[in-house]
Amino acid sequence: MTFAQGPFDTADWNARPPFDDRDGVALAQVTLSKTFHGDLTATSVVHMLMVTTEVAESRAYVAVERIEGTLRGRTGSFVVQHNAVSDEGERSLRVTVVPDSGTGGLRGIRGEMEIAVAPDGSHSYAFDYRLPG
């Protein structure tokens, strides 16, 4: 496995009104964009389905995100899948490269990405990946 890391910025948060909202549980669609810096210089658009509940710290989301750019000198794109749950504030997040979604110099990429949010709200990634050859 190879390791990449750096910060990223988010923008263009677009939360649509819930498409299913009853009994205190709402399902909604969200899109946002990201710009990655560091070992991965890239942009992406995240397509998210989010669930909120009456308990502010209990929620979840699933998402897909196509990342396009350059990873340590190799240019192309790949898709990641997010699966996140917050259970009364206890959080888990898994961001996995979709197998065989890589293009160009990133064809065949596999791996998992961790996302961290600092107390000041800044975001960073840590990416363990492998590429053929």
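This is a predicted model: local features need pLDDT of at least 70, side-chain atom pairs count only at pLDDT 80 or more; totals for chains, interfaces and linings use all residues.
**Exercise 1. Across the strands**

Which residue of strand 10 does Gly 6 stand opposite?

Step 1. Look across from Gly 6: the residue opposite is Tyr 125, in strand 10.

Step 2. Strand 1 and strand 10 run antiparallel and are joined by seven bridges.

Step 3. Turn to another pairing of strand 1. Six bridges link strand 1 with strand 3, again in the antiparallel sense. Here Ala 11 stands opposite Ser 33 of strand 3.

**Exercise 2. The whole chain**

Describe the chain: how many helices and strands does it have, and how does its radius of gyration fit the expectation for a compact globule?

*Solution.* Step 1. Count the elements: there are zero helices and ten strands. Read along the sequence, the pattern is β-β-β-β-β-β-β-β-β-β.

Step 1. Check the overall dimensions. The C-alpha trace spans about 50 × 30 × 25 Å along its principal axes.

Step 2. Compare with the rule. A compact globule of 133 residues would have a radius of gyration near 14 Å, and the 16 Å of this chain agrees with that.

Step 3. Look at burial and contacts. Of the 133 residues, 32% count as buried. Among contacts between residues at least 6 apart in sequence, 45% join residues at least 24 apart.

**Exercise 3. An aromatic pair**

Why does the pair of Phe 36 and Tyr 125 count as edge-to-face, and which parts of the chain does the pair tie together?

*Solution.* Step 1. Start with the total: four aromatic pairs are counted.

Step 1. Take the geometry of this one. The ring centres of Phe 36 and Tyr 125 are 5.6 Å apart, and the planes stand at 75 degrees. An angle over 60 degrees counts as edge-to-face, so this pair is edge-to-face.

Step 2. Phe 36 belongs to strand 3 (residues 25–36) and Tyr 125 to strand 10, so the pair ties together parts that are 89 residues apart in sequence.

Step 3. Ask about burial. The cut-off for buried is under 20% relative accessible area. Phe 36, at 2%, therefore counts as buried, and so does Tyr 125, at 2%.

**Exercise 4. The nonpolar core**

How many residues does the largest nonpolar core have, and which strand gives the largest share?

*Solution.* Step 1. The largest core has 17 residues. Those with the most contacts inside it include Phe 36, Leu 40, Ile 67 and Phe 127.

Step 1. Trace the suppliers. Strands that each supply at least two residues include strand 1 (2–15), strand 5 (59–71) and strand 10 (123–130). The largest share, three residues, comes from strand 10.

Step 2. Find the other core. Apart from this one lies a core of seven residues, among them Leu 32, Val 46, Tyr 61 and Ala 63.

Step 3. In soluble globular proteins, nonpolar side chains tend to be buried together.

**Exercise 5. A serine inside**

Is Ser 44 buried or exposed, and which side chain does its own side chain contact through polar atoms?

*Solution.* Step 1. Locate the residue: Ser 44 lies in strand 4.

Step 1. Its relative accessible area is 5%, so Ser 44 is buried.

Step 2. The side chain of Ser 44 makes a polar contact of 2.6 Å with the side chain of Glu 65.

Step 3. Leaving aside neighbours within four places in sequence, Ser 44 also has contacts with residues including Leu 32, Phe 36 and Ile 67.

Key
Residues are numbered from 1 along each chain as its sequence is written. Side-chain values use heavy atoms; hydrogens and water are left out. A nonpolar core is a set of buried Ala, Val, Leu, Ile, Met, Phe, Trp, Tyr and Cys residues joined through side-chain atoms within 4.5 Å. Buried means under 20% relative accessible area, exposed over 50%, partly exposed in between (1.4 Å probe, protein chains only). Helices (H or I, at least four residues) and strands (E, at least two) are DSSP runs, numbered from the N terminus. A polar contact is a pair of N or O atoms within 3.5 Å; within protein, one must be able to donate a hydrogen and the other to accept it, and residues adjacent in sequence count only if both atoms are side-chain atoms. Contact means heavy atoms within 4.5 Å. Rings of Phe, Tyr and Trp (its six-membered ring) pair if their centres lie within 6.5 Å; planes under 30 degrees apart count as stacked, over 60 as edge-to-face and the rest as tilted. Two strands pair if DSSP finds at least two bridges between them. The radius of gyration is taken over C-alpha atoms; the globule rule is 2.2 Å times the number of residues to the power 0.38.
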